[in-house]
Every structure is written in C-alpha cells, then in structure tokens.
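This report describes selected features of the structure shown below.

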Amino acid sequence: MARKWAIQDIPSQKGKLAVVTGANRGLGLEIVKGLASAGAHIVMAVRDRAKAAAAIATVVREFPSAEVEAMTLDQADIASIRSFSEEFHKRFNHLDLLINNASAILVHQSKTQDGFEKHFGVNHLGSFALTGLLLDKLTSAKGARIVNTSSTAHRLVKSIDLDDLQFQHTAYKPMEAYGRSKLAALLFNAELDRRLRKAGFDTKAVAAHPGYSNTNPDKGGVLMRVATSIFAQPAAMGALPQLYAATAPGVSGGDYIGPGGIAEMRGYPAKVGCTLQAKDQTVAARLWAISESLTGVSFLD
Ligand SMILES: NC(=O)c1ccc[n+]([C@@H]2O[C@H](COP(=O)([O-])OP(=O)(O)OC[C@H]3O[C@@H](n4cnc5c(N)ncnc54)[C@H](OP(=O)(O)O)[C@@H]3O)[C@@H](O)[C@H]2O)c1
C-alpha cells in the first residue's frame, strides 16, 4: 500500500461521474474537492440547496475547472431518496462512484420521516436504499465503486441487536446508536460486495473511515473541543481514506480503509481491520433482508 498517499495521487477521474452524499460540509466537501481536482463530474447530494450554492462556490474558487452540481437528497426520508434516484435516472446513463458519506452523528433520540431511529435510518437504511436504487447505473459503468463510511465507533458496540433496531426495548444512548449504525455500514459493505461478486458484476464495495477528523470544531463542550483541537486531524486529511477507497488502484472489494497512524485516529490511508461482529455473514444477511423490508428497496437477491 502506498505510503503518504494524498490528494495529488488520485488518478485522473476525467469522464467519471460521482455522487457524494453529505457533501455540503465536513468530509463530504473535502471528498468533492479531491474528486474535482482529478477531473470528475460530481453530483453533491445534499438536503440544503442554498448551503450547496455556497459550498460549490468554495470548490470552484479552489479548483476553477471543477464540474460540480447539487441535487436534493434527504436520507431521513425514503420518498426523498426515491425522488433523487428518479431525477438521477432521467439525467444520467451511468454512475462511476457512489460515496455514502452522509450521517446523523450523536443526535438525541429521534425518528426519520418513516419512523426509524435516526442514526439507523439515515446512516444505514438511507445509504442502503440509495445504493439499491442507483445500482443499475453503477453496474452500467465499468469498474464502478461504492464507498460506505464507517467509524472506529463500530468497535464500541457489542452487537447491532437486530431484534431492537429502533431502540424500543433498550435505553437510548447516542454513542450506542451511532456505533450500531457504523457497524451496520461494515456489515452492509461486506454483504454488498459478496452479492456483487456472486452476480458477476465488476462493481466494488469498499468501506472507509476517517479516524478522528476536525469537521465540527465548535461542537461539544469545552473538553471535547480541547481534545479535538489536540488529537483530531484536519478534515482534508480525514477525507483521504474515503478518496483512496474510491479511486486508488489496488483496492479490492470488501477492503476497509482508514488512517494508518496510532489507533487509526490520524494518518495516511491504509488497509485496516474491523471487529468480529462486523464480519458476521449470518448477521449481515439478516440485516440485508430487514433493510429490504423496511425500505421497500430490494436488490441483488
Ligand atoms: N469527523 C470524524 O471524526 C468522523 C469519525 C468517524 C466517522 N466519521 C464519518 O464520516 C462521515 C462524515 O463525517 P463529518 O465529520 O464530515 O460529518 P458532519 O460534518 O457532521 O457532516 C455530516 C453530513 O451529513 C449530512 N446529513 C446529515 N443528515 C442527513 C440527512 N438526513 N440526509 C442527507 N444528508 C444528511 C449533513 O448535511 P447538512 O450539511 O445538511 O447538515 C452533512 O453534510 C460520516 O459518515 C461520519 O459518521 C466522521
């Protein structure tokens, strides 16, 4: 694996079309910049188009030849995901890169439009439905990649608890809910890659995490802000594992890419490991079936 792989190492993405979710700020915006610097055409999938106009302006200021546009997507609403997919199908023939980056992070107990616990609904079911609805466009492209964003927080939970995904019987803790959604991202990525290969497609599903990245410097209490300023890496650095997963040669479907430094908190992209729970194929298959039934989106069966 390349040492110190950075934005200038992204292979040319000219002629490629990418969808980046949660692209208005944080790591999503850095991913847009990285792909724009390599010549991709990027659709920023965002819930706030006014914020997107400002975000696009910052990308174009930095990369004047950037091809960037925004389309509306709220992953807390399956109807919005379906509308996004319908518009996408009208406008584009294929999709080379889908970066599932959008995430609810440590929110108070709340529900999506469809009544799902927010982290599970936005982070897992939203990405699941979007991927399923765009799959025909991804498999129409040669060697397309899907990047699913996880976190070291997946290590903090004992199980995804398929019998209580909506926290109806378990006391709600934001970190537990977030951690489970990030465990779901790894289970989904592995199952997706297995099913893509079984179906004979050359599309790869690759998981990635950004370590500890300073995307919301003003969030949290004093201690949290001090820790972030000391330990976290800049957002542009944190976006490298997702960019590597999306574009670097030598990446295999099912790989998990994160920062290669101490405790995977910071550093350049490297292949990293995950917990045994994230590798459980029985749980992954059950999660897939449950996700199909909850979202009404079925694919690769
Ligand atoms: N930063 C870290 O240290 C860290 C660590 C581990 C993993 N991660 C993961 O990396 C990814 C990006 O993190 P970040 O730090 O850049 O997060 P962030 O700054 O909080 O940004 C989250 C993004 O997700 C979007 N989003 C939230 N709810 C959404 C919804 N219902 N529909 C569509 N988009 C929605 C937000 O849109 P708005 O702009 O409209 O709010 C925003 O663009 C996430 O998957 C996160 O779990 C981050």
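In this predicted model, helix H2 comprises 14 residues, numbered 49–62. From its first C-alpha to its last, H2 reaches 20 Å, close to the 20 Å expected at 1.5 Å a residue. Its buried residues are Ala-52, Ala-55, Ile-56 and Val-59. Seen down the axis of H2, these residues fall within an arc of 105°, so they line one face of the helix. The face turned away from this buried side carries the exposed residues Ala-50, Ala-53, Ala-54, Ala-57 and Arg-61.

The largest nonpolar core contains 84 residues. Within this core, Val-20, Val-32, Ile-42, Met-44 and Leu-187 touch the most other members. Helix H5, residues 174–198, gives the most to the core, with 11 residues. The contacts of Ile-42, leaving aside its neighbours within four places in sequence, include Val-20 and Val-32. Ile-42 is also in contact with Ala-18, Leu-35, Ala-36, Glu-67 and Val-68.

Which residues come nearest to the ligand? Of the 29 residues around the ligand, these are Gly-22, Gly-26, Ser-103, Ser-151 and Thr-215. Helix H1 gives the most to this shell, with 3 residues. By class, the shell has 15 polar, 9 nonpolar and 5 charged residues.

Definitions and conventions
Residues numbered from 1 in each chain as written. Predicted model: local features only at pLDDT ≥ 70, side-chain atom pairs only at ≥ 80, totals over all residues. Helix = DSSP H or I, 4+ residues; strand = E, 2+ residues; numbered from the N terminus. Expected span 1.5 Å × (residues − 1). Buried ≥ 20, exposed ≤ 12 C-beta atoms within 10 Å, placed from the backbone. Arc of directions from axis to C-beta. Core = buried A, V, L, I, M, F, W, Y, C linked by C-beta atoms within 7 Å. Contact = placed C-beta atoms within 7 Å. Near = placed C-beta within 6 Å. Nonpolar A, V, L, I, M, F, W, Y, C, P; charged D, E, K, R; others polar.
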